[in-house]
Structures are given as C-alpha cells and as structure tokens.
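Subject: A structure to look through

Dear colleague,

Please find below the structure that I promised to pass on, together with its sequence.

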Amino acid sequence: MHAQQQSETRSVWQLDADHSTVEFRVKKLFFITVSGRLTKLNGSITLHEDSVKDCSVEATIGAASINTGNQKRDTHVRDAFLEVNNYPTIHFQSSEVGRGRDRDTLKVKGVLTIRNINKDVVLDVTEVDRSRSPNGEEVIYYVAETELNRFDFGVNAWRGIVGQKLKVVINVQANRI
C-alpha cells in the first residue's frame with residue numbers, strides 16, 4: 001500500500017520545447033547589454049508532491065539554437081564561444097531540490113555542462129502556475145534564474161569586450177506525461 005501511495009504522489013512532466021526558452025543578458029563594452037535566447041530545450045521534471053527533496057530535473061539545450069537578433073554575432077558565438085560543432089548541447093542535471101524563500105519558490109542545485117566542462121550551479125525557481133490546456137492536459141509553468149561566469153566554462157573569447165557574467169532566465173512550460 002505504501003508503494004502505491006508513493007507512486008501516486010510522483011509525476012513526470014515533459015518540457016514543452018515550443019513554449020520553453022533560455023534567455024540571457026551579458027554586458028558588452030561596459031554599457032551595452034546584449035540579450036539572446038536559446039530555443040531548443042527539452043527534458044523532464046519529476047515531481048514528488050510529498051517530498052521536495054525527491055524532485056529532479058534534467059534538460060538539454062541545443063547550443064546552435066542561440067539567437068541574439070544579429071546573424072553575424074550569432075555565427076561568431078556559435079563558433080568562437082560555444083564551439084557548437086564540437087559541443088552541440090548544453091546539459092543540466094539536478095542534484096538537489098529544496099525549498100526557496102517562500103512556498104512558491106525552490107532552490108535547484110545541479111551540474112551544468114557547457115563545452116564538456118561541468119560546474120555546479122544554483123537555480124532560483126518560481127512556480128508560476130499549474131493549469132489545464134484547452135485540450136485538458138495538465139500543464140505547469142516555472143521561471144528559473146541564475147548568474148553564470150562564462151570563464152568557468154572555458155568561454156574566454158573577447159575578454160574585456162564582452163562581460164564575464166551572464167544573467168540567465170529559463171521559462172519552462174511542461175506537460176504531464
């Protein structure tokens with residue numbers, strides 16, 4: 001009976017690639033901010049309603065899907081910064097999920113892999129909504145935020161011109177499977 005109750009409190013959610021994005025901002029030449037997004041995001045979220053610590057998330061991002069609104073810059077970022085031909089994906093695997101500052105927030109710790117370099121990161125996650133789609137499917141929405149140091153991942157091009165710190169916002173829509 002206990003195992004049956006436990007499985008009922010566990011649910012798996014598939015990230016909706018059409019409605020999920022990774023957005024970033026980085027300073028350029030001290031006063032200009034460059035914004036962009038990565039749009040090829042897939043993965044899953046496992047929720048345990050009775051135990052936050054047993055929740056997890058795994059996501060893979062297509063590095064070539066970067067878009068800053070400037071094709072020449074995007075090509076340069078794909079080639080010189082991300083080296084997408086050698087490292088086509090960016091990967092995140094959670095290692096710990098805990099309560100955040102209030103009942104709607106979580107701290108998600110995990111390993112982010114960019115260019116085959118693994119670094120621990122912490123995501124500040126807010127549950128935005130749980131609802132049903134017009135088709136009746138269960139849907140959840142999250143926003144996660146973090147700050148990354150690009151040098152930690154060997155992304156060293158254009159030191160002094162492009163900032164070291166990136167502010168990252170991840171918008172997730174996920175469907176229950």
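Before the strands are described, one term is needed: two strands are said to pair if DSSP finds at least two bridges between them. Helices (H or I, at least four residues) and strands (E, at least two) are themselves DSSP runs, numbered from the N terminus. This is a predicted model, in which local features need a pLDDT of at least 70 and side-chain atom pairs count only at pLDDT 80 or more, while totals for chains, interfaces and linings use all residues. Residues are numbered from 1 along each chain as its sequence is written, and side-chain values use heavy atoms, with hydrogens and water left out.

Confidence

The pLDDT is the predictor's confidence in each residue, from 0 to 100. The protein chain averages 92, and 95% of its residues score at least 70. Among the elements, helix α1 (residues 2-9) has the lowest mean pLDDT, 52, whereas β5 has the highest, 98. Over residues 1-7 the pLDDT is below 50, and beyond near neighbours in sequence this stretch has zero contacts in the model, a contact meaning heavy atoms within 4.5 Å.

Strands

Strand β2 (residues 21-28) runs antiparallel to strand β3 (residues 32-38), and seven bridges join them; in this pairing, K27 stands opposite T33. Strand β2 is also joined by seven bridges to strand β11 (residues 162-176), again in the antiparallel sense, and here R25 stands opposite K167.

Strand β4 (residues 41-48) pairs with strand β1 (residues 10-15) in the antiparallel sense over five bridges, where H48 is the bridge partner of R10. Strand β4 also pairs with strand β5 (residues 56-62), antiparallel and over six bridges, with I45 opposite V57. Six of the eight residues of β4 are buried, so this strand is largely enclosed by the rest of the structure; buried means under 20% relative accessible area, exposed means over 50%, and partly exposed lies in between (1.4 Å probe, protein chains only).

The core

A nonpolar core is a set of buried Ala, Val, Leu, Ile, Met, Phe, Trp, Tyr and Cys residues joined through side-chain atoms within 4.5 Å. The largest one has 43 residues, and those with the most contacts inside it are I45, V108, L112 and I170. Strand β11 gives the most to this core, with six residues. Leaving aside neighbours within four places in sequence, I170 is in contact with several residues, among them T21, L41 and Y142.

In helix α2 (residues 71-81), the buried residues are D74, V77 and F81. Seen down the axis of α2, they fall within an arc of 85 degrees (taken from the directions from the helix axis to the C-beta atoms), so they line one face of the helix. On the other side of α2, Q71 and K72 are exposed. What covers the buried residues includes β6 (66-67) and β11.

E83 is partly exposed, with a relative accessible area of 25%. R115, also not a glycine, has a positive phi of about 55 degrees and has its place in the loop between β8 (105-114) and β9 (117-132); at 16% relative accessibility, R115 counts as buried.

With kind regards
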